[in-house]
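Please view the sequence and structure below before reading on.

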Amino acid sequence: LEAFYTGGDRSTKALKEYASANWDGFKESYCTTIQPGKTLSPIEELKLKQAVWEALDGIAHLENPSTVNVIENEMAIDTYFRGLPLRGFIDRVDRLPDGTVGIVDFKTGKVPKDSKYYTKKLQQLFLYGMVLKDMGMNPSIGKLYFTTHKTIIQSDINKASIGKVKSYLDRTVDEMHEAAETKDFPPSPSP
């Protein structure tokens, strides 16, 4: 997607043509980085291709790619919070018509039904917003694109949301320091 969003023709037709023309490279990347050493059977390749097409169709359904003003795809973040490293990649950072910045995080999984689970996913966007603000940008909105389900969950990125994520990070860092001092690392089971 990175090359598509920085290319000239960003129509839905061009998106599908780009994906088709670059399928072998994607498959090779999938088998070396996502599933190292994996050789896809014909049925596995067909299922992967179907999943990719569904995601691309979802993107075309969620937005008109030709109207997106991309600042950067896969923007690397490498910073510190209270001495601890924060590193990662923001899927896409857009310039919005009002001059502010939008953050898009592509998701291929299911849309969380319980608000506490998508709230956790939104925290990631607020964290990205905090980092971009520290970089001198003006983030105003974060969007989770659930491509295969053609659903967007979005939230404003503002002083309050950034404040909440900073408080969450403060608590987390405090808990990490306390656990390191007491050598007590309680499990935190997933749902």
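Which side chain meets that of R87 in a salt bridge? The partner is D78, at 2.8 Å from N to O.

## Basis of the model

The model is predicted; local features need pLDDT of at least 70, side-chain atom pairs count only at pLDDT 80 or more, and totals for chains, interfaces and linings use all residues. Residues are numbered from 1 along each chain as its sequence is written, and side-chain values use heavy atoms, with hydrogens and water left out.

## Salt bridges

The structure holds eleven salt bridges, a salt bridge being a side-chain nitrogen of Lys or Arg within 4 Å of a carboxyl oxygen of Asp or Glu. In the pair R87 and D78, both residues are exposed. Accessibility classes are set by relative accessible area: buried is under 20%, exposed is over 50%, and partly exposed is in between (1.4 Å probe, protein chains only).

R82 forms a salt bridge with D174, and their closest N and O atoms are 2.7 Å apart. Because R82 lies in the loop between β1 (70–81) and β2 (84–95) and D174 in helix α6, this pair ties together parts that are 92 residues apart in sequence. Helices (H or I, at least four residues) and strands (E, at least two) are DSSP runs, numbered from the N terminus. R82 is partly exposed, with a relative accessible area of 41%; D174 is also partly exposed, at 41%.

K27 forms a salt bridge with E45, with 3.3 Å between the closest N and O atoms. K27 belongs to helix α3 (residues 23–34) and E45 to helix α4 (residues 42–62), so the bridge ties together parts that are 18 residues apart in sequence. K27 counts as partly exposed because its relative accessibility is 22%. Elsewhere, a network of salt bridges links K16, D57 and K150.

## Negative patch

E175, E178, E181 and D184 form a patch of negative charge on the surface. Patch members have over 30% relative accessible area and no salt bridge; like charges are joined within 9 Å, and nonpolar side chains (Val, Leu, Ile, Met, Phe, Trp, Tyr) within 5 Å. E175 lies in helix α6 (residues 159–182) and counts as exposed, at 52% relative accessibility.

## A buried loop residue

T147 sits in the loop between β4 (139–146) and β5 (151–156). Is T147 buried or exposed? T147 counts as buried because its relative accessibility is 2%. Leaving aside neighbours within four places in sequence, T147 is in contact (heavy atoms within 4.5 Å) with E54, A55, G58, I59, L62, F106, K107 and T108.

Key
Areas by Shrake-Rupley, 256 points an atom, 1.4 Å probe, with all protein chains shown as cover. Lys, Arg positive; Asp, Glu negative; His and termini not counted. Charge placed at Lys NZ, Arg CZ, Asp CG, Glu CD.
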